[in-house]
Amino acid sequence: TWIAGLSQKSESLRAIQTLFAKLAARGRKPALIISDPGGEFRSGELDKWLSALGISHEFRAPDKHVEAIENANKHLMQAARASMRATGGRCSPTLWYFAVVTACAQRNARAISRRVTGAIPSSWTSPHVALFDDPPDISALLPFYSVIAAFDSNPINGRFVDKAVLARYLAPAADYGTGAIYVLYRDNLRVVKQFCFLARPHIIFDINTLTSAPHGRDIATAL
């Protein structure tokens, strides 16, 4: 599952191009894109770009595909709302996007069964492994809005910071490299790569895994 934050629908092309670049870098160039018939997907610029890459575009997705997307979106929204509520009102509603990003990262890291191949539980894998054949980077996956000690070499208020500062974890910042995270420091959004998680370990339960895993196995991820 991938998500992208858009301030307006006209940014859809940029988001699609960014996603395709990530897939191409992994040797997974898409041959087909399926979208709803919204105006943002009917622009001549999008059609021209897809045609140049030899990528087909269809506007009618199979019902099962639509249902899967809608269910995934519903679960992400539920997880993000739960994360926001868990902060006890300390988290600003403007940070909603980062709660969704963290929920998405947690979803991608959870175990799933390859039922189409008749796989047994011991061979369960994650969506990331199923697509890219290697495990996702979970080094930057922490409970949303947890307290961390961030080491940042960037100047803050005109001086060099060589000691840790307390900040709030928001989400992985994959676009900035492996292990990078978004943090909230003094009400400012920052990206850091060196940090230490201060709070005690949390157990994150995924309702889909919880209901599908037999005998209570693989139902939680400890962070």
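Reply: Let us begin with the overall inventory: this is a predicted model, and the secondary structure of the protein chain comes to six helices and nine strands. Of the 223 residues in the protein chain, 33% count as buried. Among the contacts that join residues at least 6 apart in sequence, 51% link residues at least 24 apart.

Me: What is the mean pLDDT of the protein chain, and what share of its residues reach 70 or more?

Reply: The general idea is that where pLDDT is low, the predicted coordinates should not be read in detail. In this protein chain the mean pLDDT is 75, and 75% of the residues reach 70 or more. Among the elements, strand β5 (residues 181-185) has the highest mean pLDDT, at 91, whereas strand β9 (residues 220-222) has the lowest, at 32. Over residues 113-119 the pLDDT is below 50, and this stretch has seven contacts in the model beyond near neighbours in sequence. Residues 200-223 also stay under 50, and for them the model has 39 contacts beyond four places in sequence.

Me: How should I read a pair of packed helices, and at what angle do helix α1 and helix α2 cross?

Reply: Two packed helices are described by the angle between their axes and the distance between the axes. For helix α1 (residues 12-25) and helix α2 (residues 44-53), the axes come within 10 Å and cross at roughly 20°. Angles under 35 degrees count as roughly parallel, and α1 is therefore roughly parallel to α2. Their crossing is right-handed. On the α1 side the contact is made by Leu13, Ile16, Gln17 and Phe20, which meet Glu45, Leu46, Trp49 and Leu50 of α2. Sorted by class, the residues of this contact are six nonpolar, one polar and one charged.

Me: At what angle do helix α3 and helix α4 pack, and how far apart are their axes?

Reply: Helix α3 (residues 63-86) packs with helix α4 (residues 96-109) at an angle of about 120°, and their axes are 8 Å apart. The two helices are therefore oblique to each other, and the crossing of α3 and α4 is right-handed. From α3, the residues Ala72, His75, Leu76, Met77, Ala79, Ala80, Arg81 and Met84 take part, and they meet Trp96, Ala99, Val100, Ala103, Cys104 and Arg107 in α4. By class, the contact of α3 with α4 has eleven nonpolar, one polar and two charged residues.

Me: Where is Thr87 found, and is Thr87 buried or exposed?

Reply: Thr87 lies in the loop between α3 and α4, and with a relative accessibility of 3% this residue counts as buried. If its neighbours within four places in sequence are left aside, Thr87 is in contact with Phe144 and Tyr145.

Me: Are Arg186 and Asp187 buried or exposed?

Reply: Arg186 is exposed, with a relative accessible area of 54%, and Asp187 is exposed too, with a relative accessible area of 71%.

How values were computed. Residues are numbered from 1 along each chain as its sequence is written. This is a predicted model: local features need pLDDT of at least 70, side-chain atom pairs count only at pLDDT 80 or more; totals for chains, interfaces and linings use all residues. Side-chain values use heavy atoms; hydrogens and water are left out. Axes are lines fitted to C-alpha atoms, for helices over the stretch in contact, and angles run from 0 to 180 degrees between N-to-C directions. Helices (H or I, at least four residues) and strands (E, at least two) are DSSP runs, numbered from the N terminus. Angles under 35 degrees count as roughly parallel, over 145 as roughly antiparallel, 65 to 115 as roughly perpendicular and the rest as oblique. A crossing is left-handed if the near helix is turned anticlockwise from the far one by less than a right angle, and right-handed if clockwise. Contact means heavy atoms within 4.5 Å. Ala, Val, Leu, Ile, Met, Phe, Trp, Tyr, Cys and Pro count as nonpolar, Asp, Glu, Lys and Arg as charged, and the others, Gly among them, as polar. pLDDT is the predictor's confidence in each residue, from 0 to 100. Buried means under 20% relative accessible area, exposed over 50%, partly exposed in between (1.4 Å probe, protein chains only).
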